[in-house]
Structures are given as structure tokens and as C-alpha cells.
Amino acid sequence: MNPTYFEVTVEGSHDLLKGFVIGFLEGRGISGETFFGDEYELDEENPLQLLFRMMGNREESTTVIVEAELRSQLREALQRRKDSLPLKVVSVREVMGATFGFSVKTYSREVGRSLRDLFSSPPEGVAVEPPFSPEEKIDPDGKGVEAYAPLHEYEMRWKGRVSGAIRETFALYHKVGRFEVVKLGDLHLDYGERIL
Amino acid sequence: MYPKQHSLPILMTLPAALFLLFAESTSCLASGGLHEAADHVGRILPVWTVLPFAGILLSIALCPLFVPHFWHNHFGKVSAFWALLFALPFLIFDWQVALYSILHIGLIDYIPFIILLWGLFTISGGIVVKGSLRGTPLVNATLLLIGTFLASWVGTTGAAMIMIRPVLRANRDRVHKAHVICFFIFLVANIGGSLTPLGDPPLFLGFLHNVPFFWVTKGILPEMLATAALLLVLFVAVDIYYFRKEKEFREIASEERAPVLIAGTYNFLLLAGVVTAILVSGYWKAGHLTIYSVEVHYQNLLRDAVIVILGLVSLRITPKELRSANEFSWGPILEVAKLFAGIFITIIPALAILRAGLDGAMAPLVAAVQTPAHYFWASGVLSSFLDNAPTYLTFFNMALGKVSLVEAQVPAALAAGTATANPAFIGYLTAISAGAVFMGANTYIGNAPNFMVKSIAEEAGVDMPSFFGYMFKYSIPFLIPVFILVTFIFF
């Protein structure tokens, strides 16, 4: 059974929160999983939000996704330190899963092979839609190096969507992001009903 | 007097116009010989006779982007079409001047140009950099620096071929690497080639037209060093930014570690032989033979023969596995041979008109391009979108026409500090050389190795920007401000 995750949104310095959470886990010897929003582009600001923050009209906001048990411990710890730490929990929401879209265009057989391995057998609890069936072209004319009339011998294109359990989807997002030729869409969280 | 243009489509009028034109040039031939007749043509040619030249350059620029398969399979025929569009009417209506002009550009420019490119390509294709490298900003900057200085001695295509695979290998595990390849195009595939006539085809064409071998080395060194240094600093800043974002850039595992070594080093000796042959041809005057009024100098024939022999020696002694490691094939050189055959024939009217200076049909252009800064930007902007070799030759002739010099006077005019020096011409030629070589980096189509590097990088999994992406993300933000700065400092 998949663990339950919560999205905790905290106002205040991102670096301070990250240091606090990591210190908290280390100090208590907790090995629970924690995902920081900045590593998954969940904390992206639009230019207007950035401008407001720089003008001092908006607080920095950080998302951290934690397992249910850790959520309450973390919240209590932040509450206990509220006088000395300028960090304020502004929302806690249950997260059921995550989704992201992506597109690939590559002329590298090696990259094509690696992506095929990743997408054709996704981790349990993760669905790739549509099932992996990339458009691949082999053009024998494109073999060899050319300067003025270059063609590629191999080309792979595909567009798809990944959705599923938090941990596995985040892991796949991270792995796929290692390929420069993969254009990742925004990672969306699927919220549950519980808002704390 | 040449008849005025009328409303019929220009291409339909070409044969008739050339008939009238060459009827006039033939009368000139009777009195002054083929050379004078060919020069006289420049005073009476209308601007639209350069349409086949524009056509072939635009075909090279646009066809790979919009009709890549058609271009891949038929570029030779397209080149022949544009060449014949100019050459056939020329031959039909004044075969003597036509034959002289085509033979002149073929024997003096095209054949030595192709032989040099073939020699450099063949010899540098036998040099392979092996070993494991980790693409940190320091390693990347060092590789770019080595490639930049190598380019002046093995040509930009040769340096790109030698250095691109080590750079790709070093950065294989990095997520963000397109910027490394774009700066590689700036420095190794273009700007690095500015210090000798071996470095970039435009400068070799200058050498063939009497620009002394080491003139560019001294003449453009400050501009080249400033440009390369500024770009390297920008590169390191950008690379550090992306490097800090790398979360999983691992150390090279001990079992993967291999010392960096260069295989096929004897090819450097052959390259030294090429340099020597070219230097000798520049300083030794051994007389000439005449082929249909075209003077072909023995020292140049010897130079070309030596380059061919050195290339053949390289092919013979370099193990096949080294060439395979570079994915060496004759594709790029065949492309150059076919396309430049068309370019060199269609460029004939453009060169003649520009040599005529203010007496030619491009007098307004000659008058408008006044200062070295104008020459730098005019030759540079055209080199960004058209091939830089013909662009250089065009502006070289324009500068000659402007200061009323002939090619034989070029060495004396470039001898700074002597009584014969022509400071205006020195300023123009410095600007033209720098503009044509540096700004070939502005687009993928500015210089032949740009596309080659892009293509090799894409096949190694790098997400190279599109044609406009390259311009808007890299050349406009990085190169153009550097060129503006260089203009203020030097021109």
C-alpha cells in the first residue's frame, strides 16, 4: 500500500526551511521521505510574483511534501519554534498522486534506447499514457558527418503523460529530467480531500 | 552603353543582356587582352547579374532548413543550375572572356582552395584525442581554449572534428550541455580560425590574392585575443551557473579512467609540412606557365602537389580505427567541392563589379561602406547568413576598388610602417578579415563546421537549439555585445 503524503506550504526563507527540515530529520533519526518543491519545479514563481516578492509585498513560499506521520511532527516542531524562526505553515493538503507531461525529440540512438527502457517498463503504480510507442525514423541517407547538407540517420519523437503514486512519479520525473532532449511539462499534484 | 532594365522578368533577360554586354567586352579584348577585357566587364555589368550568386548562397542558407531531404540529395544539381545560369550565356556570347574568367577563378582560387581544405581535412581527420575527461567548467574552458588555438593551424573544420568528440565525451553525464557546444561553435569553429590563412577559408582566399601569410597573424591578433578572451569569460560564467545546477554529476569511476592522450600525432608533422609548403609558395617566385592568358605560378603548383602528397601520406599511415573514431568520411569535402564550384563561377560578376569600385554598378554600396567599422559589420552580417569565404572575397575586392589598388600591390600596401603602406586598406582588410571570420559564428549557416558540430552533438543526445533558438539564446545575447565592444575598441 502506498503511503499517504501531504503537501506542506510554508512561508519564509526557503534555505532556512530546508536546513530546518533536514536538521530535524537528522536530529530525530527519522528516515521518512521528503520532497522539496524547488527540486520538482513546484515552487516556480511567475515574473509578477517575483517582482512582488522583491518589492517586499510577497513572502517567499516553499513547498515540502512529506509522509503523513512526518507532517504532524514537522508542523509541531515549527509551531514550537515559531518565536525564533520566521517560518509559518500556511497550508497542509493531502496529496494522492502526481502527473507530468513530456515530449522527446532526439537523434541519438543511445538516448533513444535509454528512454525506451525507462518508459516501456515504468515503476509499479505509475502509468504512462499513451503507452510508449515512439515515432522512430531511420534514414540511411543521413549516415556520416556532413557540413552543408546534414541529415540524421536516426530520429525519435514522442509525447506522453506520466501519472501515479508520489514517490515513483517523482523518481521518474527526476530520471527523465537527466536527459537534455526531454522537455518536461509542469509537475501537477493530485490533491485529496483532506485539508488541514 | 548598357541597355536599361525593363519590365520583363530578370532571368528572361539574362541571355540577351549578356549578349550585348559581351559584345562590348569583345571590342575591348581586341585592344587590351583578356585580362583587361575581364576587368572592363566590371564597369558595365548591371547589379542583377549577381542573381545566380545570390541564388546559390541563399540555397545553401535556406534549403537545409526548409527542404533538407531535397537538398541532401540534389545540392550538387542546384549548385550546377546556378553556375550554368551564369556560365552558359557568358560562354555563348563571349566565349573568350568567359573561358578566361572561369579558368582564372578555377585555377587561381577554386582548385588551390579545395586542395587545401582536402589536405587539412584528411590530415586532421587522423588525429584523435582519447581518454576520460570530466566536463567541469575548468576542463570545458581548457578544451575550448585548445580548440581555439588549434583552429588557426588545422582549420576550423579540422579543429572541430578533432575536439568535438572529447568535449561531448567529457560532458556526457551533464544534463545541460547545449551551451558548451554553442560556445564551441563560437570559438573553435569560427573565431579560433582567424590567425592564419589555414584557419578559415576566407583567409586562405586572401592569401591566394596576395595577402601575406603572417599578415593576419599580426593584423587580427589583438581583435582575436580580445574576442576569444571575452567569450571564454562569458562561457565560464554560464558553465558555472549550469554546473551548480547539476545534482548528479558523478566522478569518473576508477575502472573508466583512462589517461588523456593524442593518437596520430605524426599528422601534426604533416600539418607542419602543409604550413611550410604554403609559406614557401608565398615567398618564392619561381615563374609561371600561362594557360589561356591565366598565369599559374610554379610555386603554387608545387604547393598544391605537396599538400596532395601529404594528404595521401596521412591516409596511408593513419590506422583506420583512428579515422573511424572521428567518423571520418569524404562527405563534407565532397559537399564543399560541389558547392564551391558553383559559388566560384557565380561570384565572377560580383567580383568584377566590386573591383570596378565607384565605376561599377554597386557604386552606391561602395560609397556607403566607408569606415573599417562599416566593413567589419557589413562583411560580418553577410557572413552570418551567407558563406563567409565568398563574402570575404567580395569585400576584399570592394576595398581594393575603393583605394584603387590592384592585387599585385596588396603586399606592399599591407606592409605597415613602410612608404608603400596604405593605412586605409590595412584598416579595411583587418575589419573584413575579422568580420568574415568572427561573424560566421552568428548563425548555423555562417560557416561550414557550424552545421557539422550541431549535427554531431545532436546525434550524441545534446538538445541543440533550433536555427532561431541559436540566434536568440546564444549569438545575439553573447556574440553581438562582444562584437559591439570590439568595434569600439578596434575599429
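The entries below cover some strands and then the contact between two chains.

**Entry 1: a strand in chain A.** A reminder to myself before I start: this is a predicted model. I began with strand β3 of chain A, residues 61-67, and asked how many of its seven residues are buried. I found five buried, so I noted the strand as mostly covered.

**Entry 2: its partners.** I then looked up what pairs with β3(A). Strand β1 of chain A, residues 5-11, runs antiparallel to β3(A) and is joined to it by seven bridges. Among these pairings, E11(A) has S61(A) as its bridge partner. Strand β2 of chain A, residues 34-36, is also antiparallel to β3(A), with three bridges between them. There I saw F35(A) opposite I65(A).

**Entry 3: over to chain B.** Here I checked strands β3 (residues 288-291) and β4 (residues 294-297), which run antiparallel with four bridges. I noted T290(B) opposite E295(B). The two strands form a hairpin with two residues between them, and in the turn Y292(B) has a positive phi of about 50°.

**Entry 4: where the chains meet.** Which residues make up the contact, by number? I counted 22 from chain A and 37 from chain B. The area buried between the chains is about 2,700 Å², with carbon and sulfur atoms giving 54% of that.

**Entry 5: polar links.** Nine residue pairs are in polar contact between chain A and chain B. The side of chain A that touches chain B has nine nonpolar, five polar and eight charged residues. I also found two salt bridges between the chains. One of them joins K183(A) to D463(B), with the closest N and O atoms 2.2 Å apart.

Methods:
Residues numbered from 1 in each chain as written. Chains lettered and ligands numbered in written order. Predicted model: local features only at pLDDT ≥ 70, side-chain atom pairs only at ≥ 80, totals over all residues. Heavy atoms only, no water. Buried < 20%, exposed > 50% of the residue type's maximum accessible area, 1.4 Å probe, protein only. Pairing = 2+ DSSP bridges. Contact = heavy atoms within 4.5 Å. Buried area = accessible area lost by both parts, 1.4 Å probe. Salt bridge = Lys/Arg side-chain N within 4 Å of Asp/Glu carboxyl O. Polar contact = N/O pair within 3.5 Å; in protein donor to acceptor, adjacent residues only side chain to side chain. Nonpolar A, V, L, I, M, F, W, Y, C, P; charged D, E, K, R; others polar.
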